[in-house]
Amino acid sequence: MSHLTPTGKWDARYIGPVPHDAAYYAKCMLGGVLACGITHAGMTPLDVAKCNMQVNPAKYKGLTSGLATLIREEGQTGIWKGFGPTFVGYSLQGMFKYGLYEVFKDQYMNLAGEELSNKYKPAIWLAGSASAEVFADIALCPLEMTKVRIQTSPTGTFPTAFGAALAEMSRTKVETRYPFGSLVPLWSRQIPYTMAKFCFYEKIVELFYTHVFPEPKETYAKTTQLGITFASGYLAGVICAVVSHPADTVVSLMGKPANKGKSISAIASETGIVTLATKGLGTRVLMIGTLTGFQWWIYDTFKASMGLGTTGGK
């Protein structure tokens, strides 16, 4: 496809196999809903264990033992606490994360022009993903706060049903700071995570198609392209987990009843940077690597099925 608009001017929206019009962006948003909602909800047991390891490390010492403790004390339902707000919250987040990334990326490329866009690709990827995540986290924040409170509250002290939990968060909003009390630490966690996720993904895909699969991308079977998508997403996810883990620990600790009313800096100071950066990190690397790999695979599978092509290339 020509990279030029009908008027003859270079336009990033015409670089791909199909024009990036409103229908394209809408499909990308739907792909983001599927990618993030399904994967995060499916990872709920790991998330419950990870959050409890962060807020009560003396009791929940590791992933396997933590899951065993949860099942022993609360039954099978204990490891699925927070499924509802996780599914809805991350579906909304995925819609804006992926859909708006495509929008902002095209806009920033057009602002920079063809030459600078090609010369400074990582800067475009970083700016586009950061901008998209700002809005994605506003949509996610109330549901993330509810999810963490469900998952980390002692049994019987907080509702576990989705609707009842939302009502309780609203009723106690002065002390819980609901609905946007965790937005700043959420941005601190998610914006670096998303910047790493998209930038490293795009770069790893580019390296695959430059050095391992050097023929034109469209000459490879869709299964090969989607395999590259998953591998690139998994590797990017491992980097993401390390970059964003301290802020993730703070978000979890804010949901702990004992930290009610404490500032973010006070929680971070009391916990210590080493604990913030390492407690639950192994579980999160496993969780986020797998999560990110499958997210990109679902997203690109959906895009390919819609005739939009897979993400990234040389």
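Analyst: Ring pairs join Tyr98, Tyr101, Phe198, Tyr201, Trp296 and Tyr299 into a cluster. Rings of Phe, Tyr and Trp (its six-membered ring) pair if their centres lie within 6.5 Å, and planes under 30 degrees apart count as stacked, over 60 as edge-to-face and the rest as tilted. This is a predicted model, in which local features need pLDDT of at least 70 and side-chain atom pairs count only at pLDDT 80 or more, while totals for chains, interfaces and linings use all residues. Residues are numbered from 1 along each chain as its sequence is written, and side-chain values use heavy atoms, with hydrogens and water left out.

User: How many aromatic pairs does the structure hold, and how are the rings of Trp296 and Tyr299 arranged?

Analyst: The structure holds 16 aromatic pairs. In the case of Trp296 and Tyr299, the ring centres are 5.9 Å apart and the planes stand at 75°, so this pair is edge-to-face. Both residues lie in helix 13 (residues 281-305), three residues apart, about one turn of the helix; helices (H or I, at least four residues) are DSSP runs, numbered from the N terminus.

User: Is Trp296 buried or exposed?

Analyst: Buried means under 20% relative accessible area, exposed over 50%, and partly exposed in between, with a 1.4 Å probe and protein chains only. Trp296 has 0% relative accessibility and therefore counts as buried, and Tyr299, at 0% relative accessibility, counts as buried too.

User: At what angle do helix 6 and helix 9 pack?

Analyst: Axes are lines fitted to C-alpha atoms, for helices over the stretch in contact, and angles run from 0 to 180 degrees between N-to-C directions. Angles under 35 degrees count as roughly parallel, over 145 as roughly antiparallel, 65 to 115 as roughly perpendicular, and the rest as oblique. Helix 6 (residues 121-152) and helix 9 (residues 183-212) pack at about 140°, with their axes 7 Å apart, and the two helices are therefore oblique to each other. Their contact has 15 nonpolar, three polar and eight charged residues, where Ala, Val, Leu, Ile, Met, Phe, Trp, Tyr, Cys and Pro count as nonpolar, Asp, Glu, Lys and Arg as charged, and the others, Gly among them, as polar.

User: How does helix 9 pack with helix 10?

Analyst: Helix 9 and helix 10 (residues 222-254) pack at an angle of about 165°, with their axes 8 Å apart, which makes helix 9 roughly antiparallel to helix 10. The residues of this contact divide into 22 nonpolar, six polar and three charged.

User: Which residues of helix 9 could we look at individually?

Analyst: Pro192 is found in helix 9 and is partly exposed, with a relative accessible area of 29%. Tyr209 also has its place in helix 9, but at 2% relative accessibility Tyr209 counts as buried. Tyr209 and Gly312 are 103 residues apart in sequence, yet 9.1 Å apart in space, C-alpha to C-alpha.

User: How many disulfides does a search of the whole structure find?

Analyst: A disulfide is a covalent bond between the sulfur atoms of two cysteines, and the criterion used here is a pair of cysteine sulfur atoms within 2.5 Å. The search of the whole structure finds zero disulfides. Cys199 is in none, the nearest cysteine sulfur being that of Cys240, 10 Å away. With 13% relative accessibility Cys199 counts as buried, and Cys240 is buried with a relative accessible area of 0%.
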